[in-house]
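Here is a short briefing to read with the model open beside you. Take a look at the fold, then work through the topics below.

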Amino acid sequence: MNVHRRVPVLDSVRGLAALLVYLFHLAGLAQTFHIWHEPVVSQFVGMLGPLGTNLLLLLCGFWITVSLRKPTFELGPFLRNRLVRIYVPYIAVVLLSYSAWALMPQLGAGKGGWGLESTLSNLLLIPGLFPDRPALTVAWTLS
């Protein structure tokens, strides 16, 4: 198998892992806003969400390792591509979240609020930089 090409099976596993993470967060939102709550399903989804996260991180590490082993590997373009693929969509989500919180204050701004320290924690993707938690805790995973 030539690992420098796309592997459909691994793409399918990545899609499944992303779906597990999505369902985990969807169940959490449904429970938070009292939209729907079925204890058996919530418990099952609650167990699978972290599995999906771990699987996504494992696959990401695998593909990064494959990229590093290519004879044509160049650090500059690799870092630029990673920055664009991770940071640009993340900043878009941060801006959309802050916009949603401004338009609908009843949603709150997560656990950390949206003060200067929380905003910097979100934008810099540095967990533990300030004592408060970032409003978007996905920053902990991305960093």
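How many helices and how many strands are there in the chain? There are five helices and zero strands, where helices (H or I, at least four residues) and strands (E, at least two) are DSSP runs numbered from the N terminus. This is a predicted model, in which local features need pLDDT of at least 70 and side-chain atom pairs count only at pLDDT 80 or more, while totals for chains, interfaces and linings use all residues. Residues are numbered from 1 along each chain as its sequence is written, and side-chain values use heavy atoms, with hydrogens and water left out.

**The chain as a whole**

- Reading along the sequence gives the pattern α-α-α-α-α.
- The chain has 143 residues, and 20% of them count as buried; buried means under 20% relative accessible area, exposed means over 50%, and partly exposed is in between (1.4 Å probe, protein chains only).
- The accessible surface of the chain is about 10,100 Å², computed by the Shrake-Rupley method with a 1.4 Å probe, and for residues only the protein chains shown count as cover.
- Carbon and sulfur atoms account for 70% of that accessible surface.
- Taking contacts (heavy atoms within 4.5 Å) between residues at least 6 apart in sequence, 48% join residues at least 24 apart.

- Leu16, Leu19, Tyr22, Leu23 and Leu26 make a nonpolar surface patch of about 470 Å².
- Patches are made of residues with over 30% relative accessible area and no salt bridge; like charges are joined within 9 Å, and nonpolar side chains (Val, Leu, Ile, Met, Phe, Trp, Tyr) within 5 Å.
- Leu16, one of the patch residues, sits in helix α1 (residues 8-32) and is partly exposed, with a relative accessible area of 48%.
- Leu20 is also placed in helix α1, but it counts as buried at 14% relative accessibility.
- Setting aside neighbours within four places in sequence, Leu20 is in contact with Leu48, Gly49 and Gly52.
- Leu20 and Leu48 are 28 residues apart along the chain, yet their C-alpha atoms are separated by 6.1 Å.

- Side chains of opposite charge can pair when their charged atoms come close.
- A salt bridge here is a side-chain nitrogen of Lys or Arg within 4 Å of a carboxyl oxygen of Asp or Glu, and the count comes to one.
- The partners are Asp11 and Arg14, whose closest N and O atoms are 3.1 Å apart.
- Because Asp11 and Arg14 are three residues apart in helix α1, about one helical turn separates them.
- An α-helix has 3.6 residues a turn, so residues three or four places apart point the same way.
- Asp11 is partly exposed at 26% relative accessibility, and Arg14 is partly exposed too, at 32%.

- Gln43 lies in helix α2 (residues 39-69) and counts as exposed, with 57% relative accessibility.
- Two aromatic pairs are counted; rings of Phe, Tyr and Trp (its six-membered ring) pair if their centres lie within 6.5 Å, and planes under 30 degrees apart count as stacked, over 60 as edge-to-face and the rest as tilted.
- Phe62 and Trp63 form an edge-to-face pair, because their ring centres are 4.9 Å apart and their planes lie at 70 degrees.
- Phe62 is partly exposed at 33% relative accessible area, and Trp63 is likewise partly exposed at 22%.

- Val94 has its place in helix α3 (residues 75-103) and is buried, at 3% relative accessibility.
- Val94 and Thr119 are 25 residues apart along the chain, and 8.8 Å separates their C-alpha atoms.
- Helix α4 (residues 116-124) has Ser118, Ser121 and Asn122 buried.
- Those buried residues line one face of α4, because they fall within an arc of 95 degrees seen down its axis; the arc is that of the directions from the helix axis to the C-beta atoms.
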